[in-house]
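Subject: Structure handover

Hello,

Here is the structure I promised to pass on. Please open it first, then read my notes below.

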Amino acid sequence: MKAISFKLLIFLATLTFCFSADVKSQTVKWDSTYRPGKYVELVSKFKAEPKSKKDYIFLGNSITAGTDWAKLLNLPQAKNRGISGDITFGVLERLQEVIDGKPAKVFILIGINDVSRNIPDSVILKNYKLMISRIRKGSKKTQIYFNTLLPVNSAFDKFKNHYGKDEHILWLNTEIKKLAAKKVTVVDLYSQFTDKDKHLRAELTKDGLHLIPEGYRVWADFLNSTGYLK
């Protein structure tokens with residue numbers, strides 16, 4: 001009887017070890033401290049630029065950084081605050097510079113790099129809400145526009161860390177739409193850039209992630225048609 005109990009104990013211990021090892025192997029690591037190489041340089045540049053309460057701030061990562069918003073929209077007050085590779089934690093770190101200017105409008109598009117770096121969806125959403133609350137507290141008259149994340153297109157095979165995570169994009173976009181309850185204007189870019197297979201429209205991108213001029217024109221036309229720039 002003791003021999004059977006001992007064998008059972010060994011079996012259970014082995015099973016527990018294997019289960020723990022399996023769980024550990026499935027744990028995905030993520031880093032909130034990552035900042036792109038030009039982050040410090042660009043933040044310093046942004047701080048040095050003149051500010052106005054009439055400014056329209058476009059805040060985000062490389063997708064935002066990839067165009068001249070003032071020229072694209074024919075709006076001199078449109079300012080680019082995009083940093084290639086940035087994540088939600090990076091935006092929060094540099095958000096005070098935007099708040100201090102007390103701009104008329106802030107258009108936020110951020111999160112796809114968080115997804116690629118395996119930052120949990122719940123953490124990304126928490127950061128979205130923190131951005132909103134900080135802007136509300138520090139610049140009460142600023143109108144907040146939150147963009148849904150764009151789809152990606154894996155057919156280009158260039159940004160593998162961003163591919164195969166459509167369910168994260170969809171979940172975050174669903175949650176972004178709920179931000180309307182916080183008197184935030186939701187800009188549904190996803191629907192404007194999605195093809196019939198729920199991928200980023202191939203004719204609007206150069207690599208399955210970033211936009212070409214035609215893509216920015218779609219974005220600009222959408223903003224103008226919705227009246228968000230008035």
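Start with Lys45. Its relative accessibility is 43%, so Lys45 counts as partly exposed. Keep in mind throughout that this is a predicted model.

Salt bridges

Lys45 has a partner. Glu49 forms a salt bridge with Lys45, and their closest N and O atoms are 2.8 Å apart. Glu49 is also partly exposed, with a relative accessible area of 24%.

Next, look at Asp55 and Lys79. Their side chains meet in a salt bridge at 3.2 Å, N to O. Asp55 sits in the loop between helix 2 and strand 1, while Lys79 belongs to strand 2 (residues 78-82), so this pair ties together parts that are 24 residues apart in sequence. Are these two residues buried or exposed? Both Asp55 and Lys79 are buried.

In total, the structure holds 12 salt bridges. One of them links the side chains of Arg35 and Glu93, at 2.8 Å from N to O. Arg35 lies in the loop between helix 1 (2-26) and helix 2, and Glu93 lies in helix 5 (residues 88-101), so the pair ties together parts that are 58 residues apart in sequence. Arg35 counts as partly exposed, at 23% relative accessibility. Glu93 is exposed, with a relative accessible area of 51%.

Strands

Now turn to strand 4 (residues 143-147). Why can strand 4 be called largely enclosed by the rest of the structure? Because four of its five residues are buried.

Strand 4 has strand partners. Strand 3 (residues 105-109) runs parallel to strand 4, and four bridges join them. In that pairing, Val106 has Ile144 of strand 4 as its bridge partner. Strand 5 (residues 185-187) also pairs with strand 4 in the parallel sense, over three bridges. There, the bridge partner of Tyr145 is Thr185 in strand 5.

Surface charge

Which residues gather in a patch of positive charge on the surface? They are Lys53, Lys102, Lys137, Lys140 and Lys141. Lys53 is in the loop between helix 2 (39-48) and strand 1 (56-60). At 62% relative accessibility, Lys53 counts as exposed.

Contacts across the sequence

Two more pairs deserve a look. Ile83 lies in the loop between strand 2 and helix 5. With 1% relative accessibility, Ile83 counts as buried. Ile83 and Leu42 are 41 residues apart along the chain, and 7.4 Å separates their C-alpha atoms.

The other pair is Ser122 and Glu175. Ser122 has its place in helix 7 (residues 121-138). Ser122 is partly exposed, with a relative accessible area of 49%. Ser122 and Glu175 are 53 residues apart in sequence, and their C-alpha atoms are 9.8 Å apart in space.

- Strand 4, with strand 3 and strand 5 as parallel partners.
- The patch of positive charge that includes Lys53.

Best wishes

Note on methods. Residues numbered from 1 in each chain as written. Predicted model: local features only at pLDDT ≥ 70, side-chain atom pairs only at ≥ 80, totals over all residues. Heavy atoms only, no water. Patch = residues over 30% accessible without salt bridge, like charges linked within 9 Å, V, L, I, M, F, W, Y side chains within 5 Å. Areas by Shrake-Rupley, 256 points an atom, 1.4 Å probe, with all protein chains shown as cover. Salt bridge = Lys/Arg side-chain N within 4 Å of Asp/Glu carboxyl O. Lys, Arg positive; Asp, Glu negative; His and termini not counted. Charge placed at Lys NZ, Arg CZ, Asp CG, Glu CD. Helix = DSSP H or I, 4+ residues; strand = E, 2+ residues; numbered from the N terminus. Buried < 20%, exposed > 50% of the residue type's maximum accessible area, 1.4 Å probe, protein only. Pairing = 2+ DSSP bridges.
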